[in-house]
Amino acid sequence: PVLILLGPPGAGKGTQARMLEETHGLTQLSTGDLLRAAVAAGTDAGKQAKAVMEAGDLVSDEIVIAILRDRLGEPDCARGVILDGFPRTIVQAEALDALLRQTGQRINAAISLAVEDAAMVERISGRFTCGGCGEGYHDTFKPTAKAGTCDHCGATDMKRRADDTAETVAQRLEAYHAQTAPLIDYYQTKGAVSHVPAMGAINDVATALNAVVRRAT
Ligand code: AP5
Ligand code: ZN
């Protein structure tokens, strides 16, 4: 199966994709994570992406599609994927359609996580991630049991993202509304969209999402 999670920055795409990975045996594929890895590794794509990401703008379709295509070809993606943060433009959506035609796969559902912009700054400014296993946390909404220590792997290097500042969040929201929100209509015309309210608590959103995923796969 191929599932797409659509939603603005901070909607909970990464949080929910990691939960779905465990409950449904699918592979999470986050272009944001892949781009951050490319930046950290200093690849050519990473060098081009770094300033764009820190400004809160979208990285070029060319770079993102190439990274996605490579990752989608890896063996662990054959069991099915949850796309988290891709596609983000109509050009990317069309490229995905073409890639899936080649592999004979289809999109089971494009799931739109519905949230209010006003909540996003609070969610994003409180976010931190475990440097050991990548688990995501939040100062208020999902704290670690022991301060500074990951509940999952026990690592003590917690990271905050360079683009999680108030100014950058505003730009990321603008990019979402201008370039990504039109994808809801794109998938609507294909009859593949489900709307899941995502203002509630993490576990309540997960319950609603699980029901949609079970129906779609
Ligand atoms: P990316 O990494 O995809 O970031 P994003 O879309 O801005 O999304 P976030 O990771 O900020 O949010 P999320 O929805 O995953 O929320 P999370 O679960 O962490 O992209 C970063 C950049 O890379 C882009 O700006 C762009 O430059 C580039 N990029 C990536 N993909 C691209 C593409 N396809 N094309 C072009 N450029 C691309 O949750 C947020 C916080 O809230 C966490 O702390 C979490 O614990 C908490 N939380 C989650 N759910 C809830 C809840 N229900 N209640 C309370 N708190 C919650
Ligand atoms: Zn960890």
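Q: Exposed means over 50% relative accessible area, buried under 20%, and partly exposed in between (1.4 Å probe, protein chains only). Why is Arg160 called exposed?
A: Arg160 has a relative accessibility of 52%. The cut-off for exposed is over 50%, and Arg160 therefore counts as exposed. This model is predicted: local features need pLDDT of at least 70, side-chain atom pairs count only at pLDDT 80 or more, and totals for chains, interfaces and linings use all residues. Residues are numbered from 1 along each chain as its sequence is written, chains are lettered from A and ligands numbered from 1 in the order in which they are written, and side-chain values use heavy atoms, with hydrogens and water left out.

Q: Where does Arg160 lie?
A: Arg160 is in the loop between E7 and helix H7 (166-180). Helices (H or I, at least four residues) and strands (E, at least two) are DSSP runs, numbered from the N terminus.

Q: Why is Leu68 called buried?
A: The relative accessibility of Leu68 is 0%, so this residue counts as buried. Leu68 belongs to helix H4. From C-alpha to C-alpha, Leu68 and Phe86 are 8.3 Å apart in space, and they are 18 residues apart in sequence.

Q: What is the form of the peptide bond from Phe86 to Pro87?
A: This bond is cis, and its omega is near -5°. Most peptide bonds, by contrast, are trans. Pro87 has its place in the loop between E3 and helix H5 (90-103).

Q: Which atoms coordinate the zinc ion (ligand 2)?
A: The SG atoms of Cys130, Cys133, Cys150 and Cys153 coordinate the zinc ion, at 2.3 to 2.4 Å. Donors are N, O and S atoms within 2.8 Å of the metal (3.2 Å for Na, K and Ca); water is not among the atoms, so sites may look incomplete. Along the chain, the donors follow the spacing C-x2-C-x16-C-x2-C. One pair links distant parts of the chain: Cys130 is in strand E5 (residues 127-130) and Cys153 is in the loop between E6 and strand E7 (158-159), 23 residues apart.

Q: What makes the arrangement around the zinc ion (ligand 2) tetrahedral?
A: Four donors count as tetrahedral if all angles lie between 85 and 135 degrees; four count as square planar and six as octahedral if opposite donors are over 155 degrees apart and all others between 65 and 115; anything else is irregular. The four donor atoms subtend angles of 101 to 115°, and the arrangement is therefore tetrahedral. The ideal angle for four tetrahedral donors is 109.5 degrees.

Q: Why is Cys130 called buried, and why is Cys153 called partly exposed?
A: Cys130 is buried because its relative accessibility is 3%. Cys153 is partly exposed because its relative accessible area is 41%. Cys133, in the loop between E5 and E6, is partly exposed with a value of 29%.

Q: What makes Glu135 and Arg18 a polar contact?
A: A polar contact is a pair of N or O atoms within 3.5 Å; within protein, one must be able to donate a hydrogen and the other to accept it, and residues adjacent in sequence count only if both atoms are side-chain atoms. The side chains of Glu135 and Arg18 are joined by such a contact of 3.2 Å. Glu135 is in the loop between E5 and E6, and at 9% relative accessibility Glu135 counts as buried.

Q: Which residues come nearest to ligand 1?
A: Thr15, Asp57, Arg88, Arg127 and Arg172 come nearest, of the 33 residues around ligand 1. A residue is near a molecule or strand if one of its heavy atoms lies within 4 Å of it. Helix H2 gives the most to this shell, with four residues.

Q: How many residues of the shell around ligand 1 are nonpolar, polar and charged?
A: The shell has 14 nonpolar, ten polar and nine charged residues. Ala, Val, Leu, Ile, Met, Phe, Trp, Tyr, Cys and Pro count as nonpolar, Asp, Glu, Lys and Arg as charged, and the others, Gly among them, as polar.

Q: Which atom of ligand 1 does a polar side-chain atom of Thr31 approach at 2.8 Å?
A: The Thr31 atom lies 2.8 Å from a nitrogen atom of ligand 1. A polar side-chain atom of Arg161 is 2.9 Å from an oxygen atom of ligand 1.
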